[in-house]
Amino acid sequence: MKHDPHLPLRADIRLLGRLLGETLRSQEGTALFETVERVRALSKRAREKDGATLLTELGQELEGLALPDALPVARAFAHFLTLANIAEQHHRIRRRRAYRSDPQAPPQRGSFDESFARLLAAGVSSEELLRRVGTLKIELVFTAHPTEVVRRTLRRSQGRIAALLEQRDRQDLLPEERVSLLDALRREILTMWRTHEVQHQQPTPLDEVKQGLVVFEQTLWEAVPTWLRTFDRALERTTGERLSVETVPIRFGSWMGGDRDGNPHVTPSITPKACWLARWMAADLYRRELGILRSELSLARGSRELEARAGTTREPYRVVLGELLVRLRATQEGIERLLKDDSPTPEHASRMLWNEVDLREPLDLCHRSLQETGAGLVADGRLLDVRRRVACFGLTLVQLDVRQESTRHAEALDALTLRIGRGSYLSWTESQRQDFLVEQIARDGDELEPCFRDLDSFSDEVRDVLETFLVIERIPSASLGAYVISMASRPSDVLCVEVLQRAARISRPLRVVPLFETVGDLASSDECCRALFALPGYRERIGGRQEVMLGYSDSAKDGGRLAAAWELFQAQERLVTAAHESSIAVTFFHGRGGTVGRGGGPLHLAIQSQPPGSIDGTLRVTEQGEMIHAKFGLPGIAVRTLEVATTAVLEATLRPGAPPEADWRARMQAIADTSRRAYRKVVYETPDFLDYFRAATPEQELSSLKIGSRPARRRASGGVETLRAIPWVFAWMQTRLLLPSWLGVTEALEEARAAGAFDDLRAMVQRWPFFRSTFDLVDMVLAKASPRIAAQYDARLVEPVGQAIGRDLRGRLERAIRLMCELLGCERPLANNPVLRRSIDVRNPYVDPINLVQIELLRRLRAEPDNEDLLDTLLITVNGVAAGMRNTG
């Protein structure tokens with residue numbers, strides 16, 4: 001009988017479900033437990049029999065619940081989905097360990113060993129492999145968004161449950177140890193049940209910074225040296241050379257506390273504190289690690305150099321590391337004063353670690369001493385891990401980007417030009433703006449600099465922009481990354497920020513990164529950059545490398561996912577050509593979300609499907625919302641995420657794919673054009689669509705839930721165009737229609753089928769990575785969508801006049817499912833991915849009841865909009881659906 005590798009996962013889920021049931025019975029009573037079980041059984045039968053009648057019966061059962069009863073029912077299903085997610089993540093780690101421990105198994109796909117072997121077999125020399133490894137520059141940039149609905153307290157509890165599941169896998173456990181672990185799981189589940197999921201205060205930007213730092217403290221601090229050790233060993237096996245301690249292909253950035261685009265809560269006073277919080281956490285983590293290292297390095301003697309530094313021949317390592325620990329503590333204490341808007345005392349200031357070299361040099365000294373005295377084995381232990389952490393995290397842990405919208409800079413410059421008597425910047429043509437800005441750059445901002453000495457007479461909005469530039473100069477430069485300009489569209493948008501940095505007398509200006517977001521701006525992005533490259537001295541100012549950010553979210557909201565994906569692909573091709581013609585290198589910064597509608601999906605697949613030449617050893621990419629926890633929440637998964645990102649970039653650099661065939665390009669263009677027309681006809685041209693959207697989804701209520709510091713809209717009023725892409729996607733995900741991720745696919749495939757082009761499309765799926773990844777992700781979305789659940793929202797929340805729009809959309813969804821199955825040759829979505837298909841099937845009966853409770857809560861809330869109890873319960877359903885749908889960020 002064939003072994004089922006997923007039996008342990010099913011056992012874990014059953015165990016956690018049983019323990020949750022015990023908790024429900026003991027805490028809420030038998031009646032509630034029986035209600036939950038009845039709802040679960042009815043939901044499961046409704047899924048198995050595909051019965052609309054059973055679903056209606058289930059809805060009536062939940063509709064009749066009073067609020068005090070509806071709350072624990074929704075919580076029960078939400079908690080089960082959370083526990084199932086924990087079990088699945090743990091199982092991924094367990095499966096990987098089992099696979100790697102099998103001596104007969106080939107290297108895992110995407111692992112260092114497998115990737116290196118494939119590259120060498122393809123003709124890449126060991127020397128070229130080593131050279132490229134040493135030049136890789138990948139940055140994962142963490143961002144805070146309103147889809148992150150889980151409190152830090154609960155994240156920590158979930159981490160402890162995963163650790164307990166790992167301990168239960170041990171084969172040598174004694175019976176009493178198994179009982180103890182079971183009791184510990186009971187305690188954690190009970191604690192989760194008795195913990196409020198709801199935040200009763202709106203999180204501040206600094207709360208989001210602290211939330212973001214948790215993943216460094218809990219997983220990445222340990223995952224990074226583990227990943228680098230794996231990298232080191234694989235490289236040595238393949239080439240005979242080891243990874244140098246300075247070679248760290250991946251580093252980390254952040255937008256938390258720096259992204260002020262549309263977020264009035266991110267003020268000039270917030271950004272320095274975000275940097276100090278990260279530095280405090282870095283100092284704390286080093287203190288913990290060096291405390292252990294100091295106790296380990298009890299060696300009596302060291303090299304002459306070390307003993308001279310220590311001033312003693314007795315345990316010199318401990319003396320040197322002890323001095324470093326004192327400086328780390330002084331660093332923390334000084335930062336604590338800075339966070340209180342105070343200055344460090346002279347004693348603190350003299351001892352604080354300001355530069356990375358002050359941390360690195362004593363560690364390098366200890367390493368040299370151990371090597372010289374024959375203790376190299378000790379040097380390659382914990383000390384090496386700490387030195388690699390220094391190379392990766394420095395003293396800052398992350399580098400913070402600053403982001404602001406282009407129009408805010410233009411408005412600030414307008415105020416400045418009016419102040420100095422040069423007229424209104426906003427009234428000038430693009431050519432006039434560029435002439436003025438080039439002139440100001442040549443003059444190093446001298447004409448505008450006096451305006452920064454007195455900001456009180458400017459408007460609040462202008463003062464906020466100008467003060468941000470002054471603050472940048474006061475923050476240690478190592479704490480800062482790029483200055484990102486959202487909604488960039490013209491050369492003056494970039495030059496404007498360059499001028500403001502000079503006028504503010506920023507001694508080390510941040511690199512300026514235009515973010516092209518709409519389909520139109522992406523289409524003209526290469527012309528914008530060509531104009532910049534042609535300016536005198538521009539190439540020298542950027543050091544021969546231009547970073548460009550690509551916006552997946554707004555481009556998809558603007559023209560639909562298919563059209564946006566194709567425009568992003570072509571924009572990169574054109575930008576690479578423009579850069580190469582000017583002898584400029586280009587780094588792409590991909591602003592991806594968690595959902596397919598916002599550019600999400602497996603990172604390895606996404607990297608491999610980029611245009612040839614667009615990844616030349618460098619890459620920046622955002623990790624957003626709950627996907628941070630999904631990819632980095634457990635150490636084993638974090639290590640795998642880092643490994644796959646490294647090998648994907650390395651392979652795309654050393655073995656870029658061939659450009660698509662001309663016929664394929666024409667076919668993709670036709671698909672994109674048809675898709676975009678269909679998408680825009682529905683979203684922007686259908687009368688009453690916006691009213692339907694607001695009635696059929698929880699979009700309006702989401703803005704009342706305290707799950708993010710950032711407003712849902714760039715402007716207080718307006719239509720879909722003013723709504724941020726995140727709540728736009730998040731609202732449709734809650735109803736299970738997932739509209740932004742597939743709308744337009746139906747018409748594109750129908751047109752291709754009518755033209756007899758399905759065989760061409762199948763060849764494109766097989767042989768063009770971009771096309772395959774695009775349609776694989778659509779396939780996943782269609783598997784997760786549930787038109788039956790979406791219909792329930794319409795039936796109970798939408799006026800009859802608007803329900804025709806919903807029926808039309810669900811019809812399009814069902815046709816898209818049939819067409820995709822025909823194209824891919826399968827009976828149902830994700831039939832070719834049985835593991836993911838089963839995961840969705842297991843979750844559906846638990847997500848469905850949460851949706852039905854949410855519908856009833858929305859109905860009641862719209863009658864009682866100020867009812868805080870209803871809002872709290874709604875947030876629990878939002879959390880539960882998010883847990884069930886997984887990639888929501």
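# Rings, cysteines and charges in a predicted model

Phe393 is buried, with a relative accessible area of 3%. Buried stands for under 20% relative accessible area, exposed for over 50% and partly exposed for values in between (1.4 Å probe, protein chains only). This is a predicted model, in which local features need pLDDT of at least 70 and side-chain atom pairs count only at pLDDT 80 or more, while totals for chains, interfaces and linings use all residues. Residues are numbered from 1 along each chain as its sequence is written, and side-chain values use heavy atoms, with hydrogens and water left out. The structure has 34 aromatic pairs, 81 salt bridges and 0 disulfides.

**Aromatic rings**

- The count of 34 aromatic pairs covers rings of Phe, Tyr and Trp (its six-membered ring) with centres within 6.5 Å; planes under 30 degrees apart are stacked, over 60 edge-to-face and the rest tilted.
- Phe252 and Phe393 form a stacked pair, with 5.9 Å from centre to centre and 20° between the planes.
- This pair links distant parts of the chain: Phe252 is in strand E2 (residues 250-254) and Phe393 is in helix H15 (residues 376-393), 141 residues apart.
- Helices (H or I, at least four residues) and strands (E, at least two) are DSSP runs, numbered from the N terminus.
- Phe252 counts as buried, because its relative accessibility is 3%.
- Trp768 and Phe771 are a stacked pair because their ring centres are 6.1 Å apart and their planes meet at 15°.
- Trp768 and Phe771 are both buried.
- A cluster joined by ring pairs contains Phe142, Phe216, Trp221, Phe252, Tyr286, Phe393 and Phe632.

**Charges over rings**

- Arg419 lies over the face of Phe458, and the distance to the ring centre is 4.1 Å.
- In Arg680 the charged end sits over the ring of Tyr684, 4.2 Å from the centre of that ring.
- A charge sits over a ring if NZ of Lys or CZ of Arg is within 6 Å of the ring centre and within 35 degrees of the ring normal.

**Cysteines**

- A search of the whole structure finds 0 disulfides, a disulfide being a pair of cysteine sulfur atoms within 2.5 Å.
- Cys451 is in no disulfide, and the nearest cysteine sulfur belongs to Cys496, 13 Å away.
- Cys451 counts as buried, because its relative accessibility is 4%.
- Cys366 is also buried, at a relative accessible area of 0%.

**Salt bridges**

- The 81 salt bridges are cases where a side-chain nitrogen of Lys or Arg is within 4 Å of a carboxyl oxygen of Asp or Glu.
- Arg131 forms a salt bridge with Glu128, and their closest N and O atoms are 3.0 Å apart.
- Both Arg131 and Glu128 lie in helix H6 (residues 126-135), 3 residues apart, which is about one turn of the helix.
- Arg131 is partly exposed at 45% relative accessibility, and Glu128 is partly exposed at 26% relative accessible area.
- Arg403 and Asp259 form a salt bridge whose closest N and O atoms are 2.8 Å apart.
- Distant parts of the chain are linked by this pair: Arg403 is in strand E3 (residues 399-405), and Asp259, 144 residues apart from it, is in the loop between E2 and helix H10 (270-296).
- Arg403 and Asp259 are both buried.
- Glu289 and Arg389 meet through their side chains in a salt bridge of 3.6 Å, N to O.
- Glu289 lies in helix H10 and Arg389 in helix H15, so this pair ties together parts 100 residues apart in sequence.
- Glu289 is buried, and so is Arg389.
- A network of salt bridges links Glu63, Arg796, Glu856, Arg859 and Arg860.

**Two further charged residues**

- Lys784 is found in helix H35 (residues 769-784).
- Lys784 is buried but has no salt bridge; Glu88, the nearest side chain of opposite charge, is 9.1 Å away.
- For charge, Lys and Arg count as positive and Asp and Glu as negative, with His and the chain ends not counted.
- At 2.7 Å, the side chain of Lys784 reaches the backbone oxygen of Met885.
- Glu461 lies in helix H18 (residues 460-474) and is partly exposed, at 46% relative accessibility.
- Glu461 is 197 residues from Pro264 in sequence, and the two are 9.4 Å apart in space, C-alpha to C-alpha.

Terms used. Polar contact = N/O pair within 3.5 Å; in protein donor to acceptor, adjacent residues only side chain to side chain.
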